[in-house]
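I opened the notebook to record what I looked up in this entry. The notes run from the whole chain down to single residues.

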Amino acid sequence: VQPFFKDSIYFQPSWDGNIYLIDEYGKLVERFNIGKTYYTSGSSTPTLVEALLIYSNTDGTVNAMDVQKKEKLWSLRIPGIGYSAVEKVGDFIFISTINGGVYKIDGTKGNIVWSSNIGSSTIGCSPKILNAEHIILGTNNGELAVIDATTGKYHKFVVWAGYVMDVLPYENGVLVTLADGTIQFFTIKK
């Protein structure tokens, strides 16, 4: 999966049970052992909230590790989580589950702020920040869900038949890529 990049460091998850910190010249800076088999974070792009590395594992947990102390500070068990990138706004993170659950979590404390179920599986896509008030998520049913970042309420509409693989928000709309190779651009009105 795509690494998380901050302050000239790539945070690259791997299926071998580690998250590697690599500088922009390719030098290994640090390695955090997360765990193997069901405990790998290899399927999910992590993020940072202050000094906390937030990542999900395929065992169905979202976790926070203090990068200086190398200790896990909190862990949440959420069924179906582990394939979604961790998206951050301030101290809050957004993450989705394979069965359509979407969560807003306080990244510093590990508390769930709200959860919502958009009613469709989301294996291929992760939530993205659309604007200051909304996140957007594609589904396996060819839908886009525009979710209120404060309340978790959503509006959903069909864009195409098939899996939405990614959504890329822009200032004037969103680019949608689908598993069959189709690419579409939609204008999103506030």
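I began with overall size: the radius of gyration is taken over C-alpha atoms, and the globule rule is 2.2 Å times the number of residues to the power 0.38. For 190 residues a compact globule would come out near 16 Å, and the protein has 16 Å, so the two agree. I noted that the C-alpha trace spans about 45 × 35 × 30 Å along its principal axes.

I noted the terms of the source next. This is a predicted model, in which local features need pLDDT of at least 70 and side-chain atom pairs count only at pLDDT 80 or more, while totals for chains, interfaces and linings use all residues. Residues are numbered from 1 along each chain as its sequence is written, and side-chain values use heavy atoms, with hydrogens and water left out.

**Whole chain.** I looked up the secondary structure and found 0 helices and 19 strands. Both are DSSP runs numbered from the N terminus (helices: H or I, at least four residues; strands: E, at least two). I then checked burial (buried is under 20% relative accessible area, exposed over 50%, partly exposed in between; 1.4 Å probe, protein chains only). Of the 190 residues, 51% count as buried.

**Contacts.** I took contact to mean heavy atoms within 4.5 Å. Among contacts between residues at least 6 apart in sequence, 33% join residues at least 24 apart.

**Cores.** Which residues have the most contacts inside the largest nonpolar core? A nonpolar core is a set of buried Ala, Val, Leu, Ile, Met, Phe, Trp, Tyr and Cys residues joined through side-chain atoms within 4.5 Å. The largest has 21 residues, and I listed Leu-144, Ile-147, Val-164, Val-167 and Val-176 as those with the most contacts in it. Strands S14 (134-138), S15 (143-148), S17 (164-170) and S18 (173-178) each supply at least two of its residues. S15 gives the largest share, 4 residues. I followed Leu-144 and, leaving aside neighbours within four places in sequence, found contacts including Ile-136, Phe-157, Val-174 and Phe-186. Apart from this core lies another, of 14 residues, among them Leu-52, Val-62, Ile-78 and Ile-93.

**Glu-50.** Is Glu-50 buried or exposed? Its relative accessibility is 59%, so Glu-50 counts as exposed. I placed Glu-50 in the loop between strand S5 (47-49) and strand S6 (52-57). Not counting residues up to four places away in sequence, Glu-50 touches Asp-91 and Thr-108. I also noted 9.2 Å between the C-alpha atoms of Glu-50 and Asp-66, which are 16 residues apart along the chain.
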